[in-house]
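Hi everyone, thanks for coming.

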Amino acid sequence: MAKLQVSKRGQNVIASPIRKFLPLMQAAEAKGTKVFKVNVGDPDLVPPRAFFDVVKKYNPSTLGYAPSPGIKAHTEAWLKYYKQFGVNLAFNNVIPTVGCAEALLLAMQAVCDPGDEMIVFEPLYASYKSFSVMTGIKVKPVLLPFEKNFALPDIKVIEKQISKKTKLIAVINPDNPTGKLWSEKELDVIVKLAKKHNLFILSDETYREIRFDGKKALSLLARKDARQHVIVCDSVSKRFSMPGARIGCVASFNEGIMTAILKFAQARLSAGTLEQLGLVPLLNNSAPYVNSVVKEYQKRQKVVAQGLAKIKGAKFKPSMGAFYQAVQLPVDDSESFVRFMIGKFNYKGKTVMVTPMKDFYITPGRGKTEIRIAYVLNTKALAEAMDVLKRGVEAYNKK
C-alpha cells in the first residue's frame, strides 16, 4: 500500500525560528534553570483594563458570528484610530482580521496568484517565508546590510529583482526583526518603484507607534500619491500588549483589493466577536496607553544597549523602533550558541534564550552570527539577562 503523502507546501514550510528551541528551553526549566526569555515578541506589559471590562459585561444569551466586514462599532473604532495619522478611511476600506498574520495572508492572496513574485527586504519577519510557501508566491529578497544598519540600497539594486511576474513589494515599518525605522527618503523610493512598475505595496505597520527618540508615528496610507497602491496590514497585539486577542485589520483605498479581501473574509467567516467588542474603547482612545508603552520600551532599549556594549566583539546600533535589537555576536554560529546557552550553560542557575537570525534571511549564509533580542522583560530583568548573555558568550568561546 502506497504511503500517504503530505503536500509539498507542508513539507517545505519552515519551522518557526522563534519557537523551534522550545523543547530545549522546557528541558532547561525542568532542571531548575531560570531562563530569561527574550526570544519571542510576546509583551509582558499589562493590557488596558477597558478591554476586560467590556468582555465581562457581555451578557447576551448567545455568542454568534461577527459580520465578515467586522462589527460596526469595532470597524468604526479603527476609522477613528487612523484619523490621528492623517488617514480618513471609509467603512469599506477596513476589514478586521484574525491578527496581522491573517491580514498578510489575505492581502498577499488578493494581489498575487501562485507563481507571482513579491519583493521583500531581508532580514524579515520569518512568517513571510512560510506564507510564500503556503500561497505559492515567490519571494525575491533584497538585502538590507547589517554593516550599514539595514539601510535601503540604491534603487537599481531593487529593480534588478523586479520582473514581469512581480506584483507586490513588502515593507515592515517599524521593522521586525531589526528595529529599523524606514526614513521618508526610503519610503519615497518604495512609492516610486510601485508607481513605475505598477506594483502594490504591502505595508506591515504592526509596530507603528513604537518609535524611539520622539519619532512621529506614520502610515503609508497617508501618502495620497500612492493610495491606490498601498495595502496596510495592522494588529493590536503590540501597541495594546495583547497578542492573545488575535485581532488586526487590513486597510486600503483600493476598491478592487478590498472587494477581493472581503470575499476571502466571508469564506473564513469572521474575526472574534468578544475581541472586537473589547477593543472598541482602546481603538477610540489609543494614545494614553500607547504613549506609556513607548516610554517603557525606550527605557528597555537603553538597558539592552548598555548591556550589549559590555560584550567584547559584539556589533550593533541601538534600534529605533518596534521592541527588538539585532546584534552580531563574536561567535562562530548563533544557532550553536543558542543550543549551548539553553542546553549546557547557566550562571548562578540562570541562562538566556535569544533568537538566531539565520532564518530571518532568505539568502543562504546570511545572519550566521546574528541574534535578535526582544524587550519583553522589565529593565531589572533585562539588565541581568544581558550580564548572563555576556558570560555565556565568554564561556562559549572558551569551550
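Tyr396 is buried, at a relative accessible area of 5%, where buried means under 20% relative accessible area, exposed means over 50%, and partly exposed is in between, using a 1.4 Å probe and protein chains only. Before we go on, please keep in mind that this is a predicted model, in which local features need pLDDT of at least 70, side-chain atom pairs count only at pLDDT 80 or more, and totals for chains, interfaces and linings use all residues. Residues are numbered from 1 along each chain as its sequence is written, and side-chain values use heavy atoms, with hydrogens and water left out.

Which residue forms an aromatic pair with Tyr396? Rings of Phe, Tyr and Trp (for Trp, its six-membered ring) pair if their centres lie within 6.5 Å; planes under 30 degrees apart count as stacked, over 60 as edge-to-face and the rest as tilted. A search of the whole structure finds 16 of these aromatic pairs. In one of them, Tyr125 and Tyr128 have ring centres 6.4 Å apart and planes at 80 degrees, so this pair is edge-to-face. Tyr125 is partly exposed at 26% relative accessible area, while Tyr128 is buried at 1%. And the partner of Tyr396 is Phe337: that pair is edge-to-face, with 5.5 Å from centre to centre and 90 degrees between the planes. Phe337 belongs to helix α12 (residues 334-343) and Tyr396 to helix α13 (residues 379-398), so the pair ties together parts that are 59 residues apart in sequence. A word on those names: helices (H or I, at least four residues) and strands (E, at least two) are DSSP runs, numbered from the N terminus. Phe337 is buried as well, with 0% relative accessibility.

Let's stay with rings for a moment. Trp78, Tyr81, Tyr82 and Phe85 form one aromatic cluster. Over the face of Phe85 lies Arg208, 5.2 Å from the ring centre. We say a charge sits over a ring if NZ of Lys or CZ of Arg is within 6 Å of the ring centre and within 35 degrees of the ring normal. Arg227 gives another example: its charged end is over the ring of Phe253, 3.8 Å from the centre.

Now for the nonpolar cores. A nonpolar core is a set of buried Ala, Val, Leu, Ile, Met, Phe, Trp, Tyr and Cys residues joined through side-chain atoms within 4.5 Å. Which residues of the largest core touch the most other members? Among its 102 residues, they are Tyr82, Phe121, Ile373 and Leu389. Leaving out residues up to four places away in sequence, Leu389 touches several residues, including Phe337, Met341, Val352 and Ile373; contact here means heavy atoms within 4.5 Å. There is also a second, separate core of 28 residues, with Leu106, Val120, Leu124 and Ile257 among them.

Two strands pair if DSSP finds at least two bridges between them. β7 pairs with strand β6 (residues 200-204) in the parallel sense over four bridges, and Ile201 stands opposite Val230. With strand β8 (residues 248-252), β7 pairs in the antiparallel sense over five bridges; there, Val232 is opposite Ala251.

Elsewhere, an open sheet of three strands has the order β9-β12-β11, with antiparallel pairing. β9 (324-328) and β11 (355-356) are at the edges, each with a single partner strand, so one side of each is left without a neighbour in the sheet. β11 is joined to strand β12 (residues 370-374) by two bridges, and Thr355 stands opposite Arg372.

Last stop: Met108, in helix α5 (residues 99-111). Met108 is buried, at 0% relative accessible area. Its contacts, not counting residues up to four places away in sequence, include Met118, Phe131, Leu168 and Leu202. The C-alpha atoms of Met108 and Phe200 are separated by 9.8 Å, though these residues are 92 apart along the chain.
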